[in-house]
Amino acid sequence: MNTFTDYYELLGVTADAPPEMVKAAFKKLALRYHPDVYKGADANERMSQLLQAYQILNDPATRKQYDARRSEHLLDGHVPEHVSASTSHSGSAAPPAQSHRSQKGSTVSPGARRDRQRHYDFPAFPPGKPVNIHLVDIDYALSADEAQQLRSQGLLRGVAHSTKDQQYFCHRCHHRWREERVGGSQRAPRYCPKCHALDWPEYLLLRCMHCRAVFESEQIRYEVGSYSYGGEHGADKGGLCPPYELFPLCPYCATARWSAAEDARVSDLRQKADRRALALRLLWISVFVIIFILLLLFLSGRF
């Protein structure tokens, strides 16, 4: 019986992945399948497999020995026994399972993912405690109130002018850079030197209420160059781009109506549209009634 486990496929990384990518993949999967979060009967077994994979691949000596065994195994024509996983072009690891159990109990196939170049995190949200969001390119340290808003509303907007090491980070194109100090003072740059986005420090964190995936939108506003910036209302005046317009379906599990805040916004817009339509109908009816009355008066010779 073949009992070989391909730890690279288990973690969702390539065989030449650097240690930092192995660590990032393990951290993401460990957060997702921690027994306090994942309630499956095999939670402990999953965590044990992930921990063993990380310990072996993180140590250069044991990784070298494992690579030799893996090469021999693959050359023998064996198909490794592993928990099905896939790796996106961006290095984000898919869940080490053929299906992922969502919060509502529905099964979500990794094949349903629509955006494989996006980074995801599946953090726990302990009541009244801060939460760290790890999205590979950048980490977010949310306060207890911010974490609660992201969990309950499904979105969180904010502004982050620089990272912990005083580097600037563009949330549109993920470019990092440093600005030289002039006269002993340093001000945040007006635009990103790479993509020229004026809203480069603004971030929009989103969370799906179904699969609980947390991800970042690279487009708070519309595409740079397509619409003008500086307005306060409306997309054509540089207004904020609504999440449902960016992601009609959750980019991870492809489920509609994934944000509570957006559901409320869309419902409010529909109610306003219905009220406007009703008012317009009443206006036209009033116009027709007035015209009809005037016509009767004219025909009776009283007008």
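A cavity here is a set of points on a 1 Å grid over the protein atoms alone, where a 1.4 Å probe fits but cannot get out. Volume means the space filled by probe spheres set on the points, with points joined across faces, edges and corners.

A word on the source: this is a predicted model, where local features need pLDDT of at least 70, side-chain atom pairs count only at pLDDT 80 or more, and totals for chains, interfaces and linings use all residues. Residues are numbered from 1 along each chain as its sequence is written, and side-chain values use heavy atoms, leaving out hydrogens and water.

The largest cavity has about 60 Å³. Its lining includes Arg 118, His 119, Asp 137 and Glu 216; lining residues have an atom within 4 Å of a point.

Now, salt bridges. That term means a side-chain nitrogen of Lys or Arg within 4 Å of a carboxyl oxygen of Asp or Glu. The whole structure has five.

Which residue does Arg 172 meet in a salt bridge? Asp 199, at 3.6 Å, N to O. Both sit in loops, so the pair ties together parts 27 residues apart in sequence. Arg 172 is buried at 12% relative accessible area, and Asp 199 is buried at 1%. Buried means under 20%, exposed over 50%, partly exposed in between, using a 1.4 Å probe and protein chains only.

Next, Asp 263 bridges to Arg 257 at 3.5 Å. Asp 263 is buried, at 19%; Arg 257 is exposed, at 56%.

Methods: On a 1 Å grid over the protein atoms alone, a cavity is a set of points where a 1.4 Å probe fits but cannot get out, and a pocket is an open set with protein on both sides within 12 Å along at least five of seven lines; lining residues have an atom within 4 Å of a point. Helices (H or I, at least four residues) and strands (E, at least two) are DSSP runs, numbered from the N terminus.
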